[in-house]
Amino acid sequence: MAKDYELQTLGVRAGQARTEFQEHSEALFLTSSFVFKSAKQAAARFAGEDEGMVYTRYTNPTVSMLQERLAALEGAESCVATASGMSAILTTAMTHLKSGDHVVCSNAVFGATIQLFNNILSRFGVETTYVSPTKADEWQRAVRPNTRMFFLETPSNPLTEVSDIAALSAIAKKAGALLVVDNVFCTPALQRPLALGADIVVHSATKYLDGQGRVIAGAVAGPKALVGDPMTAFLRTAGPTLSPFNAWVVLKGLETLQLRMLAQSAAALELARWLESRKEVSRVFYPGLASHPQHELASRQQRAAGAVLSFEVKGGRAAAWRVIDSTRLVSVTANLGDVKTTIVHPASTTHGRISPEARAAAGITEGLIRVAVGLEAVSDLTADLQRGLEAE
Ligand SMILES: Cc1ncc(COP(=O)(O)O)c(C=O)c1O
């Protein structure tokens, strides 16, 4: 499909391949293997001389449609789909790192990403240094002769810190390292890291790409030489492939991606402004607010500020839990990226396993609440939060 279509068009149309039946909606191929016309064709497929399907661990037409659509949205030459967001990060690491390599990673990435680097990749001789997502000089200082990868997530979770992708890309390029951006919070509807100089984009498609909290899925997008060729080979052998059913669900999610991201971002901005006006709230973290330290950068780098915001209530944990426990509409769950608004207390859940000192250093206070805004009416959301804010 022509690359000059607008993003919303690509989200609906890119990558669709019709069968002989000319189905209008994308077909779901629930099959583990594919039949060959002859022994000669089987041999050619196994030798890679014939491009057709072989086995769903290698590839599947529904998964291929998702890969092509997401590649088009990210402006990437290629994309591979994976079983989860974590397997997308693992696939990226296993493809591009080896024993003796060093990674510089934002200290505000998803908790399991830190565990992957610290508890698993460290056993294979990969060392990781953590730096601030917003201080480019820390990234520069952390570079070693063996640094092979920079890894970040922007905006960060839950404090919505925004990293300067173009500035960090320049440092990574000089260091001979790949810049990998986890684009979960923005999705390509709001931010296209490859156009800003990133080498590879990873996704938990479980979040906004699906958008309705139905499946676990992941993806990696980037140049064929970094993603399509080596990662397809890794997936075939190691096996963290995406199921065709989950790929089909995410394909359907992509059709409404832009619409959802813009609507949810607009709702988040309205809610953030309302929270900022409340006397019970000491601080609101949302890149769309002029009070946000990287507001100007976010406005330049992102099409909208995203759907995740955090706020700190006066009164610490007791006050925060009161707000959460007083909700009747909003879902108390650690997931995000859904059209249903979710609320969580990071200090006792997502960040509960890190020491109180490390938590405080990271700015995850006892009064902090994270909200991932969905598609409900903002007036219903403010009413739901107001009940707890005003409770004694
Ligand atoms: C930013 C980010 N990256 C990666 C992941 C991991 O994704 P998954 O749960 O699909 O493995 C998550 C999950 O919450 C996430 O928020």
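What is the accessible surface of the protein chain, and what percentage of it belongs to carbon and sulfur atoms? The accessible surface comes to about 16800 Å², of which 55% belongs to carbon and sulfur atoms; accessible areas come from the Shrake-Rupley method with a 1.4 Å probe, and for residues only the protein chains shown count as cover.

The model is predicted: local features need pLDDT of at least 70, side-chain atom pairs count only at pLDDT 80 or more, and totals for chains, interfaces and linings use all residues. Residues are numbered from 1 along each chain as its sequence is written, and side-chain values use heavy atoms, with hydrogens and water left out.

**Overall form**

Over C-alpha atoms, the globule rule is 2.2 Å times the number of residues to the power 0.38. With 392 residues, a compact globule would have a radius of gyration near 21 Å, and the 22 Å of the protein chain agrees with this. The C-alpha trace spans about 75 × 50 × 35 Å along its principal axes. Buried residues make up 55% of the 392 residues, where buried means under 20% relative accessible area, exposed over 50% and partly exposed in between, with a 1.4 Å probe and protein chains only. Of the contacts (heavy atoms within 4.5 Å) between residues at least 6 apart in sequence, 72% join residues at least 24 apart.

**Strands and their pairing**

The protein chain has 15 helices and 12 strands; these are DSSP runs numbered from the N terminus, helices (H or I) of at least four residues and strands (E) of at least two. Two strands pair if DSSP finds at least two bridges between them.

| Strand pair | Sense | Bridges | Opposite residues |
| S2 (102-106) and S3 (127-131) | parallel | 5 bridges | Cys105 and Tyr130 |

An open sheet of 5 strands, with mixed pairing, has the order S8-S9-S12-S11-S10. Strands S8 (281-285) and S10 (331-332) stand at its edges with a single partner strand each, so one side of each lacks a neighbour in the sheet.

In strand S2, 5 of the 5 residues are buried, so the strand is largely enclosed by the rest of the structure. His102, Val104 and Ser106 cover one side and Val103 and Cys105 the other, all of them buried.

**A buried helix residue**

Thr382 lies in helix H15 (residues 378-390). At 12% relative accessibility, Thr382 counts as buried. Not counting residues up to four places away in sequence, Thr382 touches Leu271 and Trp274.
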